[in-house]
Amino acid sequence: MHLTLISIGSRGDIQPFMALAIGLKAAGHIVRVATHQLYAEWVQEQNLEFLSIEGNPREMLETEAGQAWMNSGLNLIKFVRNSQRLFEPVVESFLPDLWQACQNTDAVIFSTLGSAAADFCKRLNIPAIAVHFTPIGRTSEFSIVGSNLGRPLNYTSNVIGEYLLWLTSRSAVNRWRKQKMNFPPLPLASPYDLWLKEGGQVLYGYSPSVLPKPADWREGQHVTGYWFLEQAQNWSPPQALIDFLADGPAPIYIGFGSMSNRQPEQVTEIALQALKRTGQRGLFLTGWGGISNRDLPQNVFKIDSVPHDWLFPRMSAIVHHGGAGTTSAALKAGVPSVAVTFFADQPFWGRRIYDLGVAAKPLPIQRLTVDRLTAALQTITTDPIMRAKAAHLGQKIRTEHGVSEAVRLINQLTTK
């Protein structure tokens, strides 16, 4: 079959789709990846078809609207308002590409931000499967922020979350449908729940060992396991990094993925002071306001890019932003962590790994202080029970085969 994968977002959003694309290609499918031009070379290096989706997520996050969005914190009203301001023009610009991506293919697998493809595929009468890397869906078992608020409030919070996510792009989607395609507007009702009610299928690309499928989810909701893209075997570390790692105990990784901060110098100073207080070595990864290794003490090293599957098993602990991709890599490595969360699904994953006993309590970026980070570092580097739980969970995750399970389900669901 000719399959089209639509993936919109940062590198962390694209990477698991790349793992799936490679798995589908190995299973004999012709695979087209529709994503941003920023990732064209990456896709084509794997001998996959490429179709460009308008937008550059890196540039988008650097705009004033992008910075406001990332600094929304846990204020849902502020988050929705900033999301609408940021995403409405972006969504409207890439909808023609989404429509094009659904043409001349046998089935479409689309990410959360590409959910408009569901209606397009229905009109074109081709199979489509949704993909989420966070548990979007109504359940009474956990709340939208991960904590247990009680079954009624858990369910209500997930309903609200669906609507808020839809509101960030609904106006742009309906405006484009009316003006460009003469399609009727989509209703105010959540398209995510309607998709399931109409028999739509959803793959959740995370581990059932981390978050089992809730008992009140529908048959069409499938938790497959993580979709890891193995990169370590094809990557050669720079000599300076090898020398640093060999020069002392395993360091603590500190990095926040695609997140940036309006006060990088302040965050850097907090991290340096926390490392000093705990007597730990540190490794910083990107997003640190242009600092170089010459600006850092000898027990701290900075590098711009390194595959997580190579680096994380060599760390004593991991400080990350709670994004789904980085969280999964930390769990697979089997070392304790703490999430310094910014917004969106990060508080959920930060809370989840804390509840599993493999991480310290998450720290919202707005409340990050030297004292709080010091306490978290002390916990994740010295708690023997936490370290044992993290190692055990990492071992379980390494035995799972999320891509293989996703490929099996796609074959089954697209050939009915």
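This is a predicted model: local features need pLDDT of at least 70, side-chain atom pairs count only at pLDDT 80 or more; totals for chains, interfaces and linings use all residues.

Biologist: How many aromatic pairs does a search of the whole structure find?
Modeller: The search finds 18 aromatic pairs.

Biologist: What makes the pair of F110 and W195 edge-to-face?
Modeller: Their ring centres are 5.7 Å apart, and their planes stand at 75°. The cut-offs are centres within 6.5 Å for a pair and planes over 60 degrees apart for edge-to-face, so F110 and W195 are an edge-to-face pair.

Biologist: Which parts does this pair tie together?
Modeller: F110 belongs to strand β4 (residues 107-110) and W195 to helix α9 (residues 191-197), so the pair links parts that are 85 residues apart in sequence.

Biologist: How do you know whether F110 and W195 are buried or exposed?
Modeller: Buried means under 20% relative accessible area. F110 has 3%, so F110 is buried, and W195 has 15%, so W195 counts as buried too.

Biologist: What makes R11 count as lying over the face of W42?
Modeller: R11 is at 3.9 Å from the ring centre of W42, and the distance cut-off is within 6 Å. R314 lies over the face of W310, also at 3.9 Å from the ring centre.

Biologist: Why are α1 and α17 called oblique to each other?
Modeller: They pack at an angle of about 60°, with axes 9 Å apart. Roughly parallel needs under 35 degrees and roughly perpendicular needs 65 to 115, so α1 and α17 are oblique.

Definitions and conventions:
Residues are numbered from 1 along each chain as its sequence is written. Side-chain values use heavy atoms; hydrogens and water are left out. Rings of Phe, Tyr and Trp (its six-membered ring) pair if their centres lie within 6.5 Å; planes under 30 degrees apart count as stacked, over 60 as edge-to-face and the rest as tilted. Helices (H or I, at least four residues) and strands (E, at least two) are DSSP runs, numbered from the N terminus. Buried means under 20% relative accessible area, exposed over 50%, partly exposed in between (1.4 Å probe, protein chains only). A charge sits over a ring if NZ of Lys or CZ of Arg is within 6 Å of the ring centre and within 35 degrees of the ring normal. Axes are lines fitted to C-alpha atoms, for helices over the stretch in contact, and angles run from 0 to 180 degrees between N-to-C directions. Angles under 35 degrees count as roughly parallel, over 145 as roughly antiparallel, 65 to 115 as roughly perpendicular and the rest as oblique.
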